[in-house]
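Subject: Handing over the model

Hi,

Here is the structure we talked about. Please load it first, then read the notes below.

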Amino acid sequence: RVVAVIMVGGPTKGTRFRPLSLNVPKPLFPLAGQPMVHHPISACRRIPNLAQIYLIGFYEEREFALYVSSISNELRIPVRYLREDKPHGSAGGLYSFRDYIMEDSPSHIVLLNCDVCSSFPLPDMLEAHKKYGGMGTLLVNKVSAESANQFGELVADPETNELLHYTEKPETFVSDLINCGVYIFTPNIFSAIEDVLKQKKDRANLRRVSSFEALQSATKALPADFVRLDQDILSPLAGKKELYTYQTLDFWEQIKTPGMSLRCSGLYLSQFRRTSPHLLASGDGKRTATIVGDVYIHPSAKVHSTSKIGPNVSISANARVGAGARLINCIILDDVEIMENAVVIHSIVGWKSSIGKWSRVQGEGDHNAKLGITILGEAVDVEDEVVVVNSIVLPNKTLNVSVQEEIIL
Ligand code: GDD
């Protein structure tokens with residue numbers, strides 16, 4: 001049997017995701033019309049003999065309660081949210097719920113970061129892992145040499161795929177092969193984490209002997225029960241025939257910023273073309289809008305037949321799009337109203353916002369630049385004929401004059 005664990009983090013994480021993480025936990029922010037965490041969850045469903053899916057995080061329990069119960073019913077697989085009282089690090093969090101995870105006596109544990117966008121080739125990865133015969137297998141990907149330092153960089157044996165060397169976000173370039181935050185482990189991972197915890201405790205005890213040193217380290221040391229999967233487990237175990245790599249040739253991105261969430265929404269929409277075409281708007285009826293490329297429209301949204309939507313557009317629940325409106329590369333969240341002849345391009349429009357007649361909300365479309373897309377927070381009103389370009393607008397603002405390259409607080 002297999003148990004899947006998705007690390008969702010907590011409110012102190014995901015700060016780069018503001019203002020969109022101000023009223024919904026980042027893991028529940030919709031990409032292609034589905035909560036971010038929904039995509040790894042549906043990928044887990046393709047794993048043979050999957051017993052349970054756990055989400056581990058330090059958000060309040062009630063923030064996930066509704067989603068977890070509805071997705072369990074929908075997929076007919078138990079999905080549970082387990083709350084840490086405080087952050088324990090990616091490996092420490094996993095370890096603190098080892099009793100729950102081992103309840104089903106799994107032979108394998110699939111561990112996923114929630115903020116990555118991927119086709120999650122889990123069944124193939126599991127097969128490869130069994131062949132390698134190690135304690136763990138990491139999904140890895142080649143990225144540009146300039147961007148590699150945002151990730152765990154690694155060296156693998158080209159023949160055996162063994163992980164030979166691992167450094168987390170190194171200052172000097174090591175390799176363009178990086179850790180994707182998707183793993184398969186045997187239950188031995190818990191002994192490996194336990195060893196690290198023991199070493200940390202021993203070191204802490206030693207330090208107590210010298211009070212000067214204790215004072216020095218107390219200010220910068222992480223708590224003794226805080227264990228990071230990358231630095232504390234992967235780095236020391238590299239080159240010991242315990243860890244192996246599986247390279248994805250399909251899409252993979254990390255989702256740390258709103259700009260990347262827009263790009264990843266598009267990647268998931270194009271994946272729907274292959275996996276869930278019924279979720280894509282077809283626009284073939286007489287009374288529907290003109291649809292271009294991959295578009296998701298929630299069944300409760302009202303989109304005028306003379307509007308033109310796409311490519312890469314997701315429209316959430318109860319949104320209204322007026323006559324003659326044009327939407328390209330954007331995420332429109334719940335209860336948004338877009339009036340007649342408004343234009344939205346390369347933008348994310350927050351919950352309950354409204355965009356007036358003949359107004360334009362747009363970005364230049366650079367997903368990595370700070371102001372590369374325009375983001376409107378919750379309940380922002382853009383009045384008629386106002387133009388908003390490459391800007392971030394915090395919640396509850398009214399814009400009655402045009403703005404460009406501004407952060408409106
Ligand atoms: N429950 C819980 N508790 N989750 C946590 C905690 C914690 O204390 N700390 C981090 N996480 C979750 C985050 O929400 C995220 O999903 C995942 O664990 C990894 O987060 P970080 O440890 O902050 O690392 P990162 O995202 O900067 O980088 C990791 O992922 C990259 C791929 O996206 C590293 O593993 C990199 O090597 C890797 O390239």
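Start with A379, which sits in the loop between β25 (374-376) and β26 (381-382). Keep in mind that this is a predicted model. A379 is not a glycine, yet its phi is positive, at about 50°. With a relative accessibility of 23%, A379 counts as partly exposed, because buried would require a value under 20%.

**Backbone geometry**

N312 belongs to the loop between β17 and β18. Is N312 buried or exposed? It is buried, with a relative accessible area of 13%.

The loop between β17 (308-309) and β18 also holds P311. The peptide bond leading from G310 to P311 is cis, and its omega is near 0°.

There is another cis peptide bond to check, between R18 and P19. Its omega is about 5°. P19 is located in the loop between β1 and β2.

K26 lies in the loop between β1 (2-9) and β2 (30-31). Its relative accessible area is 7%, so K26 is buried. What does the side chain of K26 contact? A polar atom of that side chain is 2.8 Å from the backbone oxygen of I255.

**The ligand**

How many residues surround the ligand? The count is 28, and the closest are E84, G89, E168, N179 and K256.

- G89: a polar backbone atom is 2.7 Å from an oxygen atom of the ligand.
- N179: a polar backbone atom is 2.6 Å from an oxygen atom of the ligand.
- Q254: an N or O atom in the side chain is 3.1 Å from an oxygen atom of the ligand.

G89 and N179 are also among the closest residues to the ligand.

**The second largest pocket**

The second largest pocket has a volume of about 350 Å³. Its lining has 18 residues. Nearest the centre are H38, S42, F272, T275 and S276.

Which helices supply at least two lining residues each? They are α1 (38-44), α2 (61-75) and α9 (258-275). By type, the lining divides into 9 polar, 6 nonpolar and 3 charged residues.

**Cysteines**

The structure holds 0 disulfides. C264 is in none, and the nearest cysteine sulfur, in C117, is 3.8 Å away. C264 is buried, with a relative accessible area of 0%.

For reference, a disulfide is a covalent bond between the sulfur atoms of two cysteines.

L333 is in the loop between β20 (326-332) and β21 (337-338). Its relative accessibility is 0%, so L333 counts as buried. L333 and K302 are 31 residues apart in sequence. In space, their C-alpha atoms are 13 Å apart.

I315 is placed in strand β18, residues 313-315. I315 is buried as well, with a relative accessible area of 0%. I315 and H298 are 17 residues apart in sequence. Their C-alpha atoms are 6.1 Å apart in space.

| Topic | Where to look |
|---|---|
| Positive phi, not glycine | A379, about 50° |
| Cis peptide | R18 to P19, omega about 5° |
| Cis peptide | G310 to P311, omega near 0° |
| Buried lysine | K26, relative accessible area 7% |
| Second largest pocket | about 350 Å³ |
| Disulfides | 0 |

Best wishes

Technical notes
Residues numbered from 1 in each chain as written. Predicted model: local features only at pLDDT ≥ 70, side-chain atom pairs only at ≥ 80, totals over all residues. Heavy atoms only, no water. 1 Å grid on protein atoms, 1.4 Å probe; cavity = no way out; pocket = protein on both sides within 12 Å on 5 of 7 lines; lining within 4 Å. Points joined across faces, edges and corners; volume = space filled by probe spheres on them. Helix = DSSP H or I, 4+ residues; strand = E, 2+ residues; numbered from the N terminus. Nonpolar A, V, L, I, M, F, W, Y, C, P; charged D, E, K, R; others polar. Disulfide = S-S within 2.5 Å. Buried < 20%, exposed > 50% of the residue type's maximum accessible area, 1.4 Å probe, protein only. Near = heavy atom within 4 Å. Polar contact = N/O pair within 3.5 Å; in protein donor to acceptor, adjacent residues only side chain to side chain.
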